[in-house]
Amino acid sequence: FAVLTQAQSGEQFTAAWAQVASTGTPNPRGGHTVTALADGRVVLFSGRYDRDVGLYYNDIWLLTMGTGPTCSWTELIPSFSSPTPRAYHSAVLVSDNVMMIYGGVYEAYLSDVWQLRVDSGTTGSWTRVITSGFDPPARADHSAVMTSDGRMVIFGGSDSAGSLLSDLWQLTLDSTSSGGSWTMITTPSGGSRPGSRMGHTAGMLADGRMVIFGGFVASGGTNEVWQLTLSGSSSGSWSQITATGGPTPRVDPATVVIQGSRMLIFAGWDPQAEEYTNDLWELDLSSGSRGSWAIINSPGGPSIRWESEVGMVADGRLVFFGGHDGNVFINDVWQLSITPLTTATTTTPESWVCPDAFSITAPSAVNSFSTGALVSVQWTSQTCTSGIVRLEFCAYISGGESECYGSTSSTIQTSSAHQNDGRASLSIVQNPPRGAGLYFVKIIDDSHPNLVAISQYFEVTIVAIDCPSGATLESHGKTMTMAAMAEGSEARVACPEGQIGSLLVRCDAATHSIIGGECKMSCGAGRRLGFLELALTQHGCSDPLSHGNSVTLPCPEGYEGTSVTVFCNDGSLDHSTDCTLLGATLLVSSISVGTPSSGVTAPPDSASSSHSDASTGSGGGAILIVVILVVCCGGWACIGTGLCYVLRRNKKTNQYSASPSVQQTGVAPVTGQIPIGVKKLPVEVPATELMLPSYWISSDPGESYYERHYLSGEEFDALQQMLVDTFKAVKTRDRVDSDIPKKLRLITAQRIENNDLWRQYAEDRYLMRRKRPHKCTQLEKMGGQVKTSCSTIVRDLNDKVNEVYLWHGTTPQAAAAIAERGFRIDYAGTSTGMLYGQGVYLAECSSKADEYSRSEPDGIHKGLCCLLLCRTLMGETLHLTVGGEPTYALIREAMQSGHYDSVLGDREASVGTYREFVVYESTRIYPEYLVLYSRS
């Protein structure tokens with residue numbers, strides 16, 4: 001069992017899980033709502049099932065709990081009209097048997113409000129709530145609470161463009177509850193407030209505070225807790241609850257408020273760890289802005305999941321239903337029973353040498369202890385006049401277990417006294433070993449080991465103290481010894497020896513932590529330079545290379561060319577070189593194709609495609625292909641469909657082809673160019689999905705037009721900064737007409753507003769989201785965050801389908817044609833070849849795209865180069881470390897199977913150059929910015 005503590009009286013509870021045996025169970029689902037009625041029945045509404053097809057429900061089920069872990073389900077058939085199917089909506093209880101839903105998503109994002117009145121049988125009726133005023137933007141995955149005065153308050157969520165929201169709205173119902181008015185709730189400006197988010201939860205406390213927890217924010221998952229006191233059309237300020245400890249970041253956990261000031265939080269998805277969870281936490285909010293977390297270790301509970309929902313029935317049991325465990329939707333029912341636990345009291349063992357009354361007095365209310373604080377303990381024995389006892393300070397863990405700290409403990413000092421009217425104090429010389437939680441005091445008579453008395457449980461919360469000197473922090477593996485700091489203070493600290501920069505350090509709860517700044521590493525002597533296998537010490541360079549510096553060295557033995565210039569960038573070596581390998585061998589990666597000892601030799605990549613980089617490297621062994629979600633079966637390379645390919649070499653021509661394994665039949669070998677296309681089914685796209693970006697000049701999505709608007713001010717500066725931030729001093733063989741420049745300088749830039757192209761792009765984005773309702777595998781898992789994503793010009797992107805901004809290099813004349821008519825897949829490879837098949841090639845680095853940019857020889861753009869900055873839908877992405885004709889069959893099958901939408905060619909991982917992004921549908925790229933620049 002686990003212990004929960006009651007807010008007012010300090011009473012404890014046991015919490016026990018039990019799986020509920022149910023009859024007539026609804027289908028598995030997630031994104032549903034569970035609402036407990038006053039009579040103890042639970043209403044399940046809607047949700048979704050099948051992550052690929054996107055099947056949505058609008059059914060209603062009533063759950064009636066039995067006296068034990070049993071329940072029965074009954075489908076409720078409503079009279080009159082019903083809401084459309086949906087998921088990720090919200091539901092609140094309006095009165096004893098009336099619930100109200102808002103928003104969600106189906107074929108479009110929704111903003112309608114409905115009330116369901118449930119009778120005492122198995123019928124009910126829906127009523128559409130007619131609202132006045134300005135409605136909130138349609139949304140899903142938001143939160144909603146009901147105030148004590150009958151207002152529904154919603155916060156956050158995501159809208160039809162995939163943007164995260166942070167607005168706060170209330171719906172005030174009229175006297176008949178059939179109508180209501182929306183108003184936006186304003187909070188004082190200038191104060192802190194929660195950022196935009198979705199997938200968070202919210203609860204309404206008895207004292208009128210709305211509390212939100214967790215969710216998905218722009219930077220990923222969060223475990224933040226915020227509170228806001230609601231009062232009419234205005235409110236108090238948001239404040240962040242600074243509870244220490246607590247769960248990891250969570251998206252879509254199940255949350256319920258108990259006892260008016262405590263939130264229970266169960267399961268959810270942790271985006272940072274990419275894990276589904278099943279832990280149970282209690283957040284005690286009775287102490288105001290600090291709060292305290294406690295994990296409830298109750299064994300035998302549900303499996304990992306997210307999108308599960310919870311309701312509390314009349315007898316206090318919590319009922320959990322459904323969700324998604326990371327693989328499939330589920331429909332199991334669990335109950336969490338919370339029952340009072342008799343407070344621990346003094347016991348007098350029968351064998352006690354003095355069999356008279358024995359009692360202990362210790363703190364019974366919530367106490368805060370800091371360094372040197374005393375826990376005062378008293379005891380009384382009526383007749384005993386001698387005997388020495390020992391005091392121990394004990395932490396309650398779970399399941400009746402405890403952990404005690406006696407005289408031998410370095411954290412607790414104890415004193416002894418006589419049993420007769422004794423007094424003693426335990427001095428806490430540092431924060432309790434197990435942190436905040438339940439503790440008790442134990443008295444032991446060492447001469448009679450079985451004679452023990454314990455006090456009542458009392459709660460300890462941690463009072464923040466200053467940070468001591470001597471604590472250490474690490475930067476790139478080097479230790480820094482910190483000076484003493486006051487609680488809440490900040491200090492700038494120099495980086496360790498061998499690193500450049502400084503760090504901003506803050507003291508919180510006796511702990512130093514790094515909150516800002518950056519240390520850049522030097523490159524130590526003897527470091528090897530990627531595929532060149534070039535040790536700096538081989539050329540007399542025995543000193544470390546400082547961050548930002550460079551050294552020029554001759555090409556190593558076995559290479560032809562002049563030199564290689566090595567740059568040190570935060571401990572990593574970049575380079576620019578004309579060195580090429582004599583008798584190049586195709587780079588070995590991590591998944592074999594063929595036998596591991598085959599020692600297959602390949603020509604340089606230029607033999608099959610000129611759209612490559614300085615990507616030849618040494619190292620024997622088999623040719624290998626790395627593919628995310630790829631398995632290796634019997635020496636063959638396989639894609640997710642189970643179709644296996646092997647690369648075969650013609651010994652006479654030294655050329656390669658990809659063909660099916662001997663286990664496959666009826667599939668011809670594939671060589672040459674591979675135009676790839678995915679058939680689209682005719683689907684009506686909601687108008688809300690076609691809305692133009694909010695920062696465009698035009699706002700009419702129905703109008704057909706094409707305009708280019710010159711940029712100035714912040715947008716112009718942001719583009720210049722993006723050119724700089726995404727530039728990498730690495731040259732590949734695709735840079736044929738110039739040396740690598742030191743800098744790209746923006747001359748002029750235009751935003752392209754082409755409604756026809758935008759409509760095609762928005763339709764494809766909607767179709768991709770319907771096809772893949774769960775978030776696609778994130779690109780940052782394939783070598784790191786996309787380098788363009790940090791710019792302030794990046795906005796309104798949908799990361800669930802890996803929508804990113806990427807560069808494309810071309811000529812000013814070709815860029816103007818693309819801006820007006822879009823990309824032409826049939827033109828792919830006409831000037832630079834096709835390393836990954838016939839598609840549009842894009843880059844995250846301006847320096848890579850610059851390799852394909854060509855300046856105009858004359859005219860108004862004479863001497864200027866051109867890049868397009870494009871919105872791009874990568875979707876589910878196939879990750880490869882080699883390319884060329886041997887991989888064409890693999891790519892084609894991956895795209896046409898529907899498992900993948902694009903390719904990320906990771907030459908950065910394999911040979912230290914660049915990542916290339918390839919899209920095979922022109923309508924999945926929208927050229928939004930035309931950039932003219934000069935090289936310097």
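Throughout these views, a residue is called buried if its relative accessible area is under 20%, exposed if over 50%, and partly exposed in between, with a 1.4 Å probe and protein chains only. This is a predicted model, where local features need pLDDT of at least 70, side-chain atom pairs count only at pLDDT 80 or more, and totals for chains, interfaces and linings use all residues. Residues are numbered from 1 along each chain as its sequence is written, and side-chain values use heavy atoms, with hydrogens and water left out.

**View 1. R117 and its strand, β10.** Start with R117, which is partly exposed at a relative accessible area of 46%. R117 sits in strand β10; strands here are DSSP runs of E with at least two residues, helices are runs of H or I with at least four, and both are numbered from the N terminus.

**View 2. Strand β11 and its two partners.** Two strands count as paired if DSSP finds at least two bridges between them. On one side, β10 (residues 109-118) pairs with β11 in the antiparallel sense over five bridges. Look for W114, whose bridge partner in β11 is R128. A hairpin of four residues takes the chain from β10 to β11. Strand β7 (residues 70-79) also pairs with β11 (residues 123-128), this time in the parallel sense and over three bridges. There, S79 stands opposite S125 of β11.

**View 3. The second largest pocket.** Here a pocket is an open set of points on a 1 Å grid over the protein atoms alone, where a 1.4 Å probe fits and protein lies on both sides within 12 Å along at least five of seven lines; lining residues have an atom within 4 Å of a point. This one has a volume of about 1200 Å³, volume being the space filled by probe spheres set on the points, with points joined across faces, edges and corners. Its lining takes in 44 residues, and A91, V92, A144, A202 and T255 are the ones nearest the centre. Elements giving two or more residues to the lining are β4 (33-36), β8 (90-95), β13 (143-146), β17 (201-204), β24 (254-258) and β28 (309-312). The top contributor is β8, with six residues. By type, the lining splits into 21 nonpolar, 17 polar and six charged residues. For that tally, Ala, Val, Leu, Ile, Met, Phe, Trp, Tyr, Cys and Pro are nonpolar, Asp, Glu, Lys and Arg are charged, and the others, Gly among them, are polar.

**View 4. Two loop residues with a positive phi.** Most residues other than glycine have a negative phi, and most peptide bonds are trans. E274 has a positive phi, near 55°, and belongs to the loop between β25 (262-270) and β26 (275-284). H476 also has a positive phi, near 50°, and is found in the loop between β42 (472-475) and β43 (478-481). E274 is partly exposed at 39% relative accessible area, and H476 is partly exposed at 40%.

**View 5. G323 in its strand.** G323 lies in β29 (residues 318-324) and is buried, with a relative accessible area of 0%.

**View 6. K728 and its polar partners.** K728 is in the loop between α1 (713-725) and β57 (744-754), and it is buried at 11% relative accessible area. The side chain of K728 makes a 2.8 Å polar contact with that of E908. Such a contact is a pair of N or O atoms within 3.5 Å; within protein, one must be able to donate a hydrogen and the other to accept it, and residues adjacent in sequence count only if both atoms are side-chain atoms. A polar atom of the K728 side chain also lies 2.4 Å from the backbone oxygen of T913.

View 7. Strand β61 runs parallel to β62 (residues 902-906), with four bridges between them.
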